[in-house]
Amino acid sequence: MLVSILDQAPILNNSTAKEALEQSVQLAVMAEKLGYTRYWIAEHHNLSGLACSAPEIMLPVIGAKTKSIRIGSGATLLPHYKPYKVAEMFNMLATLFPNRIDLGIGRAPGGDAQSSIALSGNYLENVKNMPKTVQELLHFLYNDYPKDELFSSISASPLPIIPPEPWILGTSIKSAFLAAENGISYAFGQFMSNEDGRQIIQTYKNQFQKKRKQQPKTIVTVSAICAETNEKAEQITFSSFLWNLQHHKGKTLDFPLKEKTKQQLLNSDEFQQFQKNIIIGDPKFVVHRLYELKNWYEADEMMIITITGSYEERTKSYQLIAEEINRKKS
């Protein structure tokens, strides 16, 4: 089973953005040593708990410290940018790090409304134009603009020997159609979707048009927290929930928590809902569940996102999962 990492560069309690980004570099280096297939870093804007607003800045740093793992954006939020500039950036990365660069393409804002306006003006209009901008981007990446079109005489230099591999990232049938129509790879974000992911992936495969790529390729991204025991994994999940409350929900909590407050949170509907979208347990359970989901979705690859209360717990979770997968292979 191919397994990869999606990193949101979380800024944990009592940490700084610099420390979060340094931890992301360390995570990518560790991922390569453990045999993960690829490492993607996400793009977010004006979110206090997440440090990476520019994957294209982080990727050269990570590329220089690794040798073989594929690295990429998960995702570059295309409505904020001109396709030509995105192609230039990722062609340059693919020139520096041959056959290692993935360009994940997303349509989400990645932040609040004011950030979107500051980045790209009329964000909703740009989203509406996504089918056209994706086509433009692909023409620039593959340097195959039809001769009778406006941009046929320019290239997104430098042109690498092997172009970046484009992926559409999404959580809905709309994104699956977009990937299929353009004949490119598709990553489904199960960890942030309530949609029927199996049907979405099947639709992508059924509608796939062979253009520049001959076969459809899929990743399913899930949230997972792994520890030496199920009990420890459940405790770590609670600290992840607290981080989520503070940074994603904007709720202020006084630490250390009183026992009564802790029990209220543990028994809350919000915590139960939070747990539903996460694979929680010891290595055998988590890896068994990953195999189950891979087979259920008929996916080519699984990708894992993990946010815990400490960086040590996060790296340990990825380490335990990789070791168990390697044990099963041997």
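**Exercise 1.** Determine in which sense E5 and strand E6 (residues 185-189) pair, and over how many bridges.

*Solution.* E5 and E6 pair in the parallel sense over 4 bridges; pairing requires that DSSP find at least two bridges between two strands. Strands (E, at least two residues) and helices (H or I, at least four) are DSSP runs, numbered from the N terminus. Next, locate a partner: Leu169 has Ala187 in E6 as its bridge partner.

The model is predicted: local features need pLDDT of at least 70, side-chain atom pairs count only at pLDDT 80 or more, and totals for chains, interfaces and linings use all residues. Residues are numbered from 1 along each chain as its sequence is written, and side-chain values use heavy atoms, leaving out hydrogens and water.

**Exercise 2.** State which residues of E5 point one way and which the other, and whether they are buried or exposed.

*Solution.* In a regular strand the side chains alternate between the two faces of the sheet. Glu165, Trp167 and Leu169 point one way from E5, while Pro166, Ile168 and Gly170 point the other way. All are buried, that is, under 20% relative accessible area with a 1.4 Å probe and protein chains only (exposed is over 50%, partly exposed in between).

**Exercise 3.** Identify the buried residues of H3 and the elements they pack against.

*Solution.* The buried residues are Pro83, Val86, Ala87, Phe90, Asn91, Leu93 and Ala94. Viewed down the axis of H3, they fall within an arc of 160 degrees (taken from the directions from the helix axis to the C-beta atoms), so they line one face of the helix. Their packing partners are helix H2 (55-65), strand E3 (70-77), strand E4 (101-106) and helix H6 (130-142), with contact meaning heavy atoms within 4.5 Å.
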